[in-house]
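Subject: Structure for you to look at

Hello,

Here is the structure I said I would pass on. My notes on it follow below.

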Amino acid sequence: MPTEPFGPAHFQLVLLRRMADHNPGLVEDALRALGATRTELREAHRRWQARLHARGFPRGEARYRTALGPPEQVRRRRVGDVELRSALWPVPLWPDLRFEVVTAPGGAAVLNESLVRAPGEPPPPLRSLDDLTPWSCVIDDAARAFAPAVPLPPDAPTRARLALTPPPGSGLPPEPAPNAGSGGGPGRVVAHFTWGLLQFVEGVPHLG
């Protein structure tokens with residue numbers, strides 16, 4: 001396992017690396033806030049990938065502890081008869097969010113890893129499609145604001161897609177298309193997320 005230090009600042013660069021394809025301007029702003037360069041962003045991503053593939057590197061929640069330290073908070077979440085573990089870490093770039101790792105019993109199998117709203121933090125006001133701007137919300141925020149929401153198959157690792165119900169007056173049908181689960185259909189509003197954070201929305205009408 002690599003022994004070179006890899007801490008929270010490096011991990012934030014890993015998160016940004018996956019967002020750069022969609023929002024390079026926001027990523028550049030974040031790099032300036034971190035005092036980091038594009039070269040350091042790429043190097044952090046390379047080092048993290050090397051760790052993931054290194055023999056003996058911890059799995060499950062333990063792999064994130066190597067970079068982020070002990071979680072700020074641990075919650076238990078019951079799904080049916082199964083109790084899942086949710087570990088939360090602060091992310092200075094997004095102080096109202098936390099990085100969450102959800103694991104199955106035993107902690108070895110990661111079921112989800114994404115940015116989520118921090119406990120006690122109010123969600124942003126999402127009243128219209130215009131409010132769905134890049135980095136404005138996480139998956140749960142959008143799902144609640146534009147219910148019912150339909151999860152779609154992800155189009156790449158660390159990404160997620162959500163078909164949202166357009167609000168009245170949006171110029172789109174009031175319900176997702178019947179074939180929303182397949183990723184197609186007219187009148188669709190699909191929100192794209194990376195590491196759980198909104199990157200862009202497709203299917204929004206160009207009005208006026």
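In these notes a helix is a DSSP run of H or I with at least four residues, a strand is a run of E with at least two, and both are numbered from the N terminus. Please keep in mind that this is a predicted model.

Overall make-up

The protein has five helices and eight strands. Along the sequence they come in the order α-α-α-α-β-β-β-β-α-β-β-β-β. Of the 208 residues, 43% are buried. Among contacts with a separation of 6 or more, 47% are between residues 24 or more positions apart.

Helix α4 and what surrounds it

Helix α4 covers residues 61-68, and its buried residues are Glu61, Arg63, Tyr64, Ala67 and Leu68. Viewed down the axis of α4, these buried residues fall within an arc of 155 degrees, so they line one face of the helix. As background, an α-helix has 3.6 residues a turn, so residues three or four places apart point the same way.

On the α3 side the contact is made by Trp48, Arg51 and Leu52, and on the α4 side by Arg63, Tyr64, Thr66 and Ala67. Sorted by class, that contact of α3 with α4 has four nonpolar residues, one polar residue and two charged ones.

Pro8 lies in α1 and, apart from neighbours within four places in sequence, is in contact with Ala67 and Leu68. Is Pro8 buried or partly exposed? Its relative accessibility is 42%, so Pro8 counts as partly exposed. Pro8 is also 9.8 Å from Arg65, C-alpha to C-alpha, although the two are 57 residues apart in sequence.

Gln12 is another residue of helix α1. Its relative accessibility is 5%, so Gln12 counts as buried. Leaving out neighbours within four places in sequence, the contacts of Gln12 are Leu34, Val91, Pro92 and Leu93.

The nonpolar cores

The largest nonpolar core has 34 residues, and those that touch the most other members are Leu15, Leu16, Met19, Trp48, Trp94, Phe99 and Leu115. At least two residues of this core come from each of α1, α2 (24-34), α3, α4, β2 and β3. With six residues, α1 gives the most to the core.

If residues up to four places away in sequence are not counted, Trp94 touches Leu15, Leu16, Met19, Leu115, Trp135 and Leu197. There is also a second, separate core of 13 residues, which includes Leu126, Phe146, Leu162 and Leu198.

Backbone details in the loops

- Pro148 sits in the loop between α5 (139-145) and β5 (150-152). The peptide bond joining Ala147 and Pro148 is cis, with omega about -5 degrees.
- Thr158 is in the loop between β5 and β6 (159-164). Its phi is positive, at about 70 degrees, although Thr158 is not a glycine. Its relative accessibility is 27%, so Thr158 counts as partly exposed.
- Trp195 is in the loop between β7 (189-194) and β8 (197-202). Here phi is near 50 degrees, again a positive value in a residue other than glycine. Trp195 has 6% relative accessibility; with the cut-off for buried at under 20%, Trp195 counts as buried.

Regards

Methods
Residues numbered from 1 in each chain as written. Predicted model: local features only at pLDDT ≥ 70, side-chain atom pairs only at ≥ 80, totals over all residues. Heavy atoms only, no water. Buried < 20%, exposed > 50% of the residue type's maximum accessible area, 1.4 Å probe, protein only. Arc of directions from axis to C-beta. Contact = heavy atoms within 4.5 Å. Nonpolar A, V, L, I, M, F, W, Y, C, P; charged D, E, K, R; others polar. Core = buried A, V, L, I, M, F, W, Y, C linked by side-chain atoms within 4.5 Å.
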